[in-house]
Structure formats: C-alpha cells, structure tokens
Amino acid sequence: MAEAVDLKAIGTRPVRPDGIEKVTGRAAFGADLHLPNMLHGKVLRSPYAHARIKSVDLTRARAAEGVLAAISGADFPGNASDLGKNVIARDKVLYHGHAVAAVAAKTQLQADVALDLIEVEYEVLEPVMSLDQAMAEGATLVNETQHTNGDTSKPPSNVAATQRFERGDLEAGFAQADVIVEGEYRVPMAHQGYIEPHACTATVNEDGKATVWCCTQGHFDVRSLTAQVLGERVGNIKVIPSEIGGGFGGKTTIYLEPLAVKMSQMTGRPVKMTMSREDVFRATGPTSGTWCKAKIGAKKDGTFTAASAWLAYEAGAFPGAPIGPGCMSVLAPYEVPNLVIEGNDVLVNKPKVCAYRAPGAPQSMHAMECAIDELARKLDMDPIDLRLKNAAGEGTVAPYGPRFPAIGLRECLEAAKVHPNYLAPVPEGGGRGVAVGFWFNIGMQSSAEVRIAEDGMVTVMEGSPDIGGSRASMALMAAETLGVPYDQVKAHVGDTESTGFCNVTGGSRTTFATGMAVIQACEDIIAQCRQRAALTWDLDEEQVDWVDGEAVPKPGVNADVNPLSLANIARGAGRTGGPLLGRASLNAQGAGASFSCNFTDTKVDTETGKVDVLSFTAVQDAGRAIHPSYVEGQMQGGAVQGIGWALNEEYIYDADGVMENAGFLDYRVPVASDMPMIDTEIIEVPNPFHPYGVRGVGETPIVAPLAAVSNAVRDQLGFRIPDLPLSPPRVLEAIDEREG
Amino acid sequence: MGAYAYRAPSSVEEALSTLAAEAAAGNRAQMLAGGTDVMVQMRSIDKGPRTFVDVKHVAEANELCIGTDEVFIGAAIASAVLNESQELKSILPGLIEAADLIGSTQIQGRATIGGNLCNSSPAGDTIPALIACGAVCVIASSGGNREVPTEDFVTGVGTNVLEPTEFLVGFKIPRPKGRTSDAYLRFIPRTEMDIAVCGAGVALTLDDSGVCTAAKVSIGAVAITALVVPDAAAALVGTTVDDAALAAAADASSALAKPITDKRGTVEYRRKVVGVLTKRAAAIARDRALAL
Ligand SMILES: Cc1cc2nc3c(=O)[nH]c(=O)nc-3n(C[C@H](O)[C@H](O)[C@H](O)COP(=O)(O)OP(=O)(O)OC[C@H]3O[C@@H](n4cnc5c(N)ncnc54)[C@H](O)[C@@H]3O)c2cc1C
C-alpha cells in the first residue's frame, strides 16, 4: 500500500469533471433525450392495493387518436418472474400504483386520453398493510402460493424468508448480566427521495437491436434485467446511462425499460417514458418499514454479556426485504459473546422495496442503538464510553462470520469523545444523543480501460455510473498512480458496448472496486511505458523505473538518457508498438467495513412537539478519503436523509391501502433551512486490501442518525418514544400522555 | 385538457369587460396573479380549457398607497415587493410576515396576497393575518367597486364571494394608530416550503399603561375557512396581555377550532397547537406594540 506521505493527487479537492455541466444546466439527465418520431409512453396504474385482474381490454385505447401501441401483462412471454410481475402486473395487482397496462402515442396528451379508455375489471381483495396484519394467524395472503423459505410442508405465509445468526448461549449470557434493557421499535417505510424521477427512452431497429437511454445506477443490470423480462438476448440490448439526479439505491432495478422496448418493437419508433413524482412514490422501491425487538444485557462495568434482535421487515409486494444486511449490521460494532439475531422478510401490499443507502441497517441499528442508549443511562455511563468498552476491533469476529481486519470504530468513538461539539455543554433545555453506524461495503466486478492520447492526456473509461463524484475520484487515483496532474486525466462512464462490464454503483463499491480496476489499468500503462522506454533506450524492462510520471533508468543503471514522460512516450508510441491502452478487470475482494459515530443536539418544542436539530456531528472512517469534499458530502447527505427519516419522512396509507402523501409537500424530506451545518470529521484507518486504503463511504452515513436523533429527544424529554418518525403530532401526543 | 387563452388587460375597466365578454361567449375565465397556485393546479387537479386574465397588468391592482388613515395594497403586488417595504413592515409586521412565509424567495417573486385569499384554501397563510388587521377587500364589479370584510370573503374550501365577472383589486387596511401592532404564526413540521397545519393572526392595541384596549384574533387551517375568535380577543382586552390572558386566549382558539384529522395532523393536535400559536402570536404583537 502506498504511504500516505507520498500522496500528491489523492486527498486534494479539485472540481469534479461533471461540475460545470451540472451547474450550467448542460448535463443531460434521463428525460433530456429527444429523438425524431419519438412516441410518448404512459402507464396505467392500479387504483387498488390488492385485487385480482379479471380482464384488461385495450380495444378502445388502441383505436384512440395518435395511439400506436397498447400493452398489458399478456404481451409478455412465459412465466413471469417477480421482476416481470413488478414491471407489469399479471393476474393480480399487489399495490396501489402497480403497472397494469401501457400505451404509446404521438403526444403525451393522446397517451393520457388513451389511458382513460383502457377497461380493467378487478376483483378487489383485502389489502395487507402492516407487519402485524401480515404476520397474524390466518392473515390474508399477498401471494397464496408462498411458503416461508420455500417449505411447502407448512401452510402458505406472508413471511417469505427468515434468517438467523446465533452465537454462544443467550440465556446464560443474560443470566450473567447485571442490567438488561429490552424494547420494541418501529421505523416507517421511507423513500430515497432522489430529485430526478425515473426516465428512459428506447428504440428498436429493424434488425431487432434495442438501444435504451436511462438514468440508472447500473446500466449493465438494466441490460440483463430488461433482457430477462422481455425474453431477449442480452447482446441485443445496448444501454446508455445518462447523468443521474440521485439514486441512493433506488435506481438499481428497472420499471419502465421493458415497456418502452416492447412498445418500440411494436411500432418501430422510439418510445420515451418518464415517471411523475407521484409515480415515483407509489410505484418504485422505497425501503422497508420495520418492527424490531432489541434486548441487551451488560455487567455493572458495562461489558456486554448477551444481546438479541428480532427483526420484521416489509418487503412490499414481492420477497426481498433487506433482512440479511439488517441482521448483519445490528450488532456488528460490538463484541457480544452470546447473541441471537432473527430476521423476517414479510410481504405486504406496498411497492416492492429497493435498496436505500445501507439497506436494512438504519432500521435494525436504530433499535439496538436506542437500547444501548438506555443501557448507558441505567449504568450511568457516558454513551461513548459504553460503546468504546465493547467496540469491535481488528480480530473481532463479526456476528455474520468473518473476522474484522483493521477497522476504525474505536478511532471514530475516540475522535467523537474529544470533538469540540461533544466537549461543549448540551444546549439549555435540549438533549444530546449518540449512536454508532456501520456498513460492510462490497467489492464485486469492475473493469476499466486507460487510454493515452498522443499528447499524454489520460482518458479513464469505466462502467460505474457516477452518483456521488466518483469520476473525480477515479481521475485522482489515476493521476496518483501514473504520477501526472489531475488536469491531465478525464474519467468517463461508458455505455454497455464501449466499456467492460461493471456491477451496479451500489454497496459503496465504486471508489473501492472500480477504483482498484482503474489503478490496475494505470499500472498496466506504466508497465507498457517502462517497456517502451526500455526499447527506446536499448535497456531491459527491469532496468527502467516509473517515477513521478516519467520513465527513468533505475538507480545504478548506466545510461545517459533523458527521462521520458507519458506525453513523450505517447507521441512516439507508433514507433514502439502502437497506442498505449491499459486494461484491468477484477472481482474485488476485501471491501473494508466503514464505521461511524454520530452525535446531535436537539431541542423539542414541548408545546408543539417539533424537534429542532441544533447541531449534528458525523465522524466516520473512510479508510482513505480520495476526494475529501466528496467524502464529507456523503457524510452530510446521509446525515440529512437519516435526520429526515427520524423526524418526518414516512409512507402514510389510508384504510384502503392508498398512499396519501405521494409528493414532496407531504412526504417531508428536510429542506436546507431545517438543517444545521452537518459537521464532519473523516477518520482514516486504511483498508489493507485497497492500494490506497479506500473503504466505501456512501452508505454508513445514513445509519446512525436515526438513533442519534431519537436518543437526543429521549435525553431532553426523560422518556423514550420508541417509534419513528418523531413527527410533531407523535411527540406532542407522547408528551401529553406522560403529563396525563 | 384543452386550449388555453391569455389576456392582459391594463385597467379595471378593461379587465371587467374581458371577464364579461368571456362569460357571454360561454368560456371559462380565470384571473391570474402570480400563478403559483394556478399553474400547479393546471398541471394536476384542474386541467380544463380556459382564458387566463392576468391581473398583473391592471394599473389599479398594482397600487401601493400608505396613507395617514388607510393603507391600500393592490392585489397584484408580489410578496417580495411587500417584504421590501420597510414602512409596511413597521406598521403591519404581522401581515408582512405572513406574506413572507409563502413559499420561497423564488415563489415570492410572483405570489400575491390577493392570490392567496382568492385561492381560498383553509390554510392560506395571509388570510388570518388580513382578518386580524381589519383588511377590507375591494372588489371590482360591473356596477362599480364593492367592499367586503376579509372574514366574509371566503365561503368554503376554494370558494368565495366573487362572481365570475368580478375580481379583487386590492385591500384597504386601517392604518394602525398608537400602540397597535400585529403578528402571525403558523405551524409546519419544517421551516419552509410547507402548508400550515394551523395558523393564528393577532392584532392588538395597548394604551399608555400597557393595557389592551382592542384586539382581533383569527385562526387558520382549523376549519373550512379562517375563523375570527371573539372570545380570544375578549380574553386579551382589559389585560396587560399577561400569562393568564394569553392562556385564556389560547383556550378560546382551541375551543372554537373545528379541525379535521388528515395526513398533516390530527384533530387533537391542531386544536391544541392553534391555541399555542394564538398565545405566542399575541405575545409577539404585545411586545411589538410596547416597543412603539
Ligand atoms: C412552492 C410553493 C410554496 C407555497 N407556499 C405557501 C405557503 O407557505 N403558504 C401559503 O399560504 N401558500 C403557499 N403557496 C401557495 C401560493 O403560492 C399562495 O397561495 C400565493 O399567495 C398565491 O398567489 P398567486 O398570486 O400566485 O395566485 P395565483 O396562483 O395567480 O391565483 C390563485 C387563485 O386566486 C385567483 N386570483 C388571483 N388573483 C385574483 C384577483 N385579483 N381577483 C380574483 N381572483 C384572483 C386565481 O384565479 C386563482 O384561483 C405555495 C405555492 C408553491 C408553489
């Protein structure tokens, strides 16, 4: 691993390559493509949360003015996968807003009119709208053929899957405890709230080859998933990613793409489809609403003896709630000798959940971090000290199996403890809350190519859509590795046919894994440069070094030559073997977990129940901050999303299962004036498995704020409100109940 | 969905004849001020064809006149313009703070208090503030102008006393005298860009010894229209607006409120908080009057 002191580009804060385009409005997002003869596609969505589709009649819609195609589930081949059924319903609609049919017409207005002409006959069923209802004995089934974990010896159930981690002897552990805390905590379903609604345009040529432009976190996944739903070959579909106006995990699947391709196939014209904000709320994947039970015991000195967690997560209409990560995260920060963690993936008649920043971790860790806060109070210990006492470190075996290499939890806690904001007194009448966050981060597959122009300019071509400034980070790592200035490097995200395969931008993997591919591709360039210089100088490759962006003879090699820069070598590349092209592809191993400690001061207006966030401090281990501003940006953005979820964000449903707040007016993400400056402190405990020590940083930031805010409110009020959001009506009601 | 037309009359007379002509032709005409409600509605709940009649070019509706006895605020004046008037801010701070709550800086560049009132939402922020400071609506009508007190203007959710051939020219507000001031507070879960869960406007006059001699209290978003709360005013008059008087005023507002439970708040929540806002707004108005 490179020594920190040697770094020149890494750790600087240059302007991102896409910055100017974005602030001047030139950047092209998902809905910005216009093609000649383009049709406008629209989706008819279910007015019911749960109903059987008896018939869909498209006759009148097809005959309407300007309409060139109208489709329903019947137009898609074979046995539909869950994904296919989510894209367009087959025999049942499973949530309000579920796509039932689609039309393509010459104008948007004509498409709107045609939607009204589609006749659908439904048999309305009882909607299953809560975990309690879904898990109750004899509950209505969202899917009549689903058995828990596929076990058909038991009756069908809304519980799709369960998960369990166990260690030691739970009962014996609790028996050793001097103090035990137990609680039940609920967190509502919440949406990522990215500003850009989903949009795509598809065009299918006469030769059957399709091109799809869309905003996505993973165009290679759009390609394979769209192919799967359509029964097409992957090679027949090309996907071009646009700039992306936020994703946070929500743009890792497909909704519109197969419909647009299908209708383009039928009409021979390009078809563009965009979602409204309302569609985004009702029909794309938010994250699970949850019900968690947490129990934890400790000795008088604070040593944890046992802990258990029982988690139930709403999956929405199809299985796939993030119970795995929820179970992995809940106790990951601590040494706990005896534990049981159980997760339940539960179907309800709500949209199928999708990834949202550290999927599953904020909810389960909210529960445990609140319980640990109560434990600290009972033990009369500082909440950071209690966590330090039990903090996982190098060698700790995580509840989900692996042994942690070097991790930065302890460093985060220690930095928080001496942070000026923590040393400052709690504001009068307010409260302070502390919580820890964690995300394991992932590696997976990436490819990168590095091309050197004849003037030495470096083009990095990779396939990870840039949702948080990753092109700047790629360019920095390339500049560092090659020893050239940042300005000499440009990073691009290629489409599925112009760059090698990359997995989705998610799991905080991009700077780690794609970054590693970029570094290796640069090392490939360096090897080629050394070889070209050796050829030029009539030396052996082993006699040539690469230092500060130049080929030089190794110390002790007797050669009277001038160093050759990247530009020198590139200019003469025709004479030494052709253009310089570096490549790397990998399946990255050794993603490093990122821990955080957050604390916040809040003040509740006890007459209105409104919680004001007075200050918020996020301390997080980045491993190595390639571009510190963008690391801080991730920490701040995640904190704001977590605070929003803690205070006001929630899916509100009426008795029929219709979401009542499908818009930003009543789905309340924080506005800028709601937030204090989010103070950040980056800790750097390098990940031993990355050349520069990178861990992922994008997801951990959203994990701790939920409990930090809840613990701060608890600190002021003197009692716990276990459920989120801590919206004014909930807080005031709790205060009034207390006061009788 | 259908065709839209746009007219920009430059006088009351021309505006009235435009409205009359559209009515005679069987067309729907709709007044347009800042468009910050209209444009949103046109894209969502009210897409039908119509002729927009822009009030922003009507000379009389753009007048702002701060006289010795009366203030006239034209219905077409953008909130941002009102906010910039230091004089208005000092004599009608409550009304101006209500106007300043609407949307954001960008929205306020277009939004008007006339539009806020004519939109006639139960949650319109300037409505309780207008009522509290005694604003009278000046309505242009074929037979000449007619005047309606603000509290009688809105008749239901989204409905008001205007005939299709009439429009609002502006507001006449008695210029506050002596130690008279006002205040408006609303509750929203955020700090801006939100819709009032409830609101309260209070205007009051103190004598030299600090005793309240007159008061008017109006509450919003707790019934289908903004309400006047005579009992809250009565609780303040004759007192120094001390804690006991404030508590009594709060109770009066809570008692009169007829809120509903919806995604923005429960009946119990709104009833309680509208009292809290009444009390706090009255205290602010009192402190402002004392400082005069
Ligand atoms: C982002 C955003 C935030 C907002 N925040 C708030 C807020 O915090 N508080 C709040 O109360 N409102 C808010 N609003 C709503 C809106 O901005 C206000 O109601 C504003 O005062 C409307 O004024 P306008 O001039 O834009 O009215 P317009 O939209 O032009 O008109 C509104 C209605 O009044 C009628 N009308 C307008 N002028 C006249 C006239 N002179 N005579 C007869 N009829 C007339 C129109 O026909 C229409 O029915 C917000 C809106 C947006 C988009």
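Colleague: Which elements of chain B each supply at least two residues of the shell around the ligand?

Modeller: This is a predicted model, so read every feature with that in mind. The elements are β2, α2 (38–43), α7 (113–119) and β10 (167–174) of chain B. The largest share, 5 residues, comes from α7(B).

Colleague: How many residues surround the ligand, and which are the closest?

Modeller: The shell has 30 residues. The closest are B:Ala33, B:Gly34, B:Gly115, B:Asn116 and B:Cys118. By class, the shell holds 16 nonpolar, 11 polar and 3 charged residues.

Colleague: Which domains of chain B does the shell draw on?

Modeller: Start with the domain assignment. Chain B has domain 1 (4–54), domain 2 (64–174) and domain 3 (196–290). The shell takes at least three residues from each of domain 1 and domain 2 of chain B.

Colleague: What separates the centres of domain 1 and domain 2 of chain B?

Modeller: Over C-alpha atoms, the two centres are 19 Å apart. The domains also touch. Domain 1 of chain B brings 13 residues to the contact, and domain 2 of chain B brings 18. On the domain 1 side, α1 (12–24) and β2 (29–32) of chain B each give two or more residues. The largest share of that side, 6 residues, is from α1(B). By class, the domain 1 side has 9 nonpolar, 3 polar and 1 charged residues.

Colleague: Now the chains. How many residues of chain A are in contact with chain B?

Modeller: The general idea comes first. An interface's size is often given as the accessible area lost when the parts come together. Here, count residues instead. On chain A there are 20, in contact with 16 residues of chain B. On the chain A side, α4 (108–116) and α21 (728–739) each supply at least two residues. The most, 3 residues, come from α21(A). The chain A side divides into 8 nonpolar, 5 polar and 7 charged residues.

Colleague: Next, strands. Which way do β11 and β12 of chain B run, parallel or antiparallel?

Modeller: Strands of a sheet pair through backbone hydrogen bonds, either parallel or antiparallel. In this case, β11 (residues 179–187) and β12 of chain B run antiparallel, joined by 9 bridges. Find B:Asp182 and look across: B:Ala203 in β12(B) stands opposite.

Colleague: Why is β12 of chain B largely enclosed by the rest of the structure?

Modeller: Count its buried residues. In β12 (residues 198–206) of chain B, 8 of the 9 residues are buried, so the strand is largely enclosed.

Colleague: Turn to chain A. What is the order of the strands in its open sheet of 3 strands?

Modeller: The order is β20-β21-β22, with antiparallel pairing. Edge strands β20 (544–547) and β22 (564–565) of chain A each have a single partner, so one side of each is left without a neighbour in the sheet. Between β20(A) and β21 (residues 550–553) of chain A there are 4 bridges. A:Val547 faces A:Glu550 in that pairing.

Colleague: Which helix lies across these strands of chain A?

Modeller: Helix α16 (residues 510–537) of chain A lies across β20, β21 and β22. The helix runs at about 130° to β20(A).

How values were computed:
Residues are numbered from 1 along each chain as its sequence is written. Chains are lettered from A and ligands numbered from 1 in the order in which they are written. This is a predicted model: local features need pLDDT of at least 70, side-chain atom pairs count only at pLDDT 80 or more; totals for chains, interfaces and linings use all residues. Domain bounds come from an automatic or database domain assignment. Two residues are in contact if their C-beta atoms, placed from the backbone, lie within 7 Å. Ala, Val, Leu, Ile, Met, Phe, Trp, Tyr, Cys and Pro count as nonpolar, Asp, Glu, Lys and Arg as charged, and the others, Gly among them, as polar. A residue is near a molecule or strand if its C-beta atom, placed from the backbone, lies within 6 Å of it. A residue is buried if 20 or more other C-beta atoms lie within 10 Å of its own, exposed if 12 or fewer, and partly exposed in between; C-beta atoms are placed from the backbone. Two strands pair if DSSP finds at least two bridges between them. Axes are lines fitted to C-alpha atoms, for helices over the stretch in contact, and angles run from 0 to 180 degrees between N-to-C directions.
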